[in-house]
Amino acid sequence: MLKSLFILGSGGEVVIERHWRGQTPRSVCDYFWDEVNKHETKVEVPPVLQMSQYYLISVLRGEVFFLAPLTRETPPILVIELLHRIADTFCDYFGGNCDE
C-alpha cells in the first residue's frame, strides 16, 4: 500500500521523508510541485494525481502538504484518511493550531 511519505513545506521543499518499502525518488515531489504551481491557490490542487508510475495522493494542512506516492491502485479515501491522521498526530505532538 503505502511505500513512502513526504512532507513538503510551503516552498515545495521536502521537510520530512520516510520510506518503508524501497526508495521512492524525490522526482515525484518535483512533479507534484509542478502540478501545485499550475493552480492559483494550493487548495485547488486535486487530492489524487496520476503520474506514469505513481498515484500521488496528498492532503494540505495550512501550508504543508502530506504526500503519499503509491505504485498500485489503492482506495484513495483510505490513504487520505491515513494522511489526515498523520497530520493530526503531528498537530497533537507539536501543539498549536493544525492550520498553521
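Modeller: Here it is, and keep in mind that the model is predicted. Let's start with strand S1, residues 4–8, which pairs with S2 in the antiparallel sense over 5 bridges.

Biologist: What makes S1 and S2 a pair of strands?

Modeller: The cut-off is at least two bridges between the strands. S1 and S2 have 5 bridges, so they count as paired. One of the contacts to look at is Leu8, whose bridge partner in S2 is Val14.

Biologist: And what is the strand order in the whole sheet?

Modeller: The order is S2-S1-S5-S4-S3, with antiparallel pairing in an open sheet of 5 strands. S2 (14–19) and S3 (48–50) are the edge strands because each has a single partner strand, which leaves one side of each without a neighbour in the sheet. On average, neighbouring strands are turned by 20° against each other, ignoring direction.

Biologist: Which strands does each helix touch?

Modeller: Helix H1, residues 27–37, packs on the sheet and touches S1, S2, S3, S4 and S5, with its direction at about 125° to that of S5. H2 also packs on the sheet, touching S1, S2, S3, S4 and S5, and its direction makes about 35° with that of S4.

Biologist: How do you know that S3 and S4 pair?

Modeller: They are joined by 3 bridges, and at least two are needed, so S3 and S4 pair. They run antiparallel, and a hairpin of 4 residues connects them. Gln50 in S3 has Tyr55 as its bridge partner in S4.

Biologist: Why is Gln50 called exposed?

Modeller: Its relative accessible area is 56%, and exposed means over 50%, so Gln50 qualifies. Leaving out residues up to four places away in sequence, Gln50 touches Tyr31 and Tyr55.

Biologist: What about S4, is it mostly covered or mostly open?

Modeller: Mostly covered: 5 of the 7 residues in S4 are buried. S4 is also joined to S5 by 7 antiparallel bridges. Their hairpin has 2 residues between the strands, and Gly62 there takes a positive phi near 65°.

Biologist: What makes Arg61 and Asp88 a salt bridge?

Modeller: The closest N and O atoms are 2.7 Å apart, and the limit is within 4 Å, so the pair counts. Arg61 sits in strand S4 and Asp88 in helix H2, 27 residues apart, so the pair links distant parts of the chain.

Biologist: How many salt bridges does the structure hold?

Modeller: There are 5. Among them is Arg26 with Glu17, at 2.4 Å from N to O. Arg26 is partly exposed at 46%, and Glu17 is partly exposed at 26%. Another of them joins Glu35 to Lys38 at 3.0 Å, where Glu35 is buried at 14% and Lys38 is exposed at 62%.

Technical notes
Residues are numbered from 1 along each chain as its sequence is written. This is a predicted model: local features need pLDDT of at least 70, side-chain atom pairs count only at pLDDT 80 or more; totals for chains, interfaces and linings use all residues. Side-chain values use heavy atoms; hydrogens and water are left out. Axes are lines fitted to C-alpha atoms, for helices over the stretch in contact, and angles run from 0 to 180 degrees between N-to-C directions. Contact means heavy atoms within 4.5 Å. Buried means under 20% relative accessible area, exposed over 50%, partly exposed in between (1.4 Å probe, protein chains only). A salt bridge is a side-chain nitrogen of Lys or Arg within 4 Å of a carboxyl oxygen of Asp or Glu.
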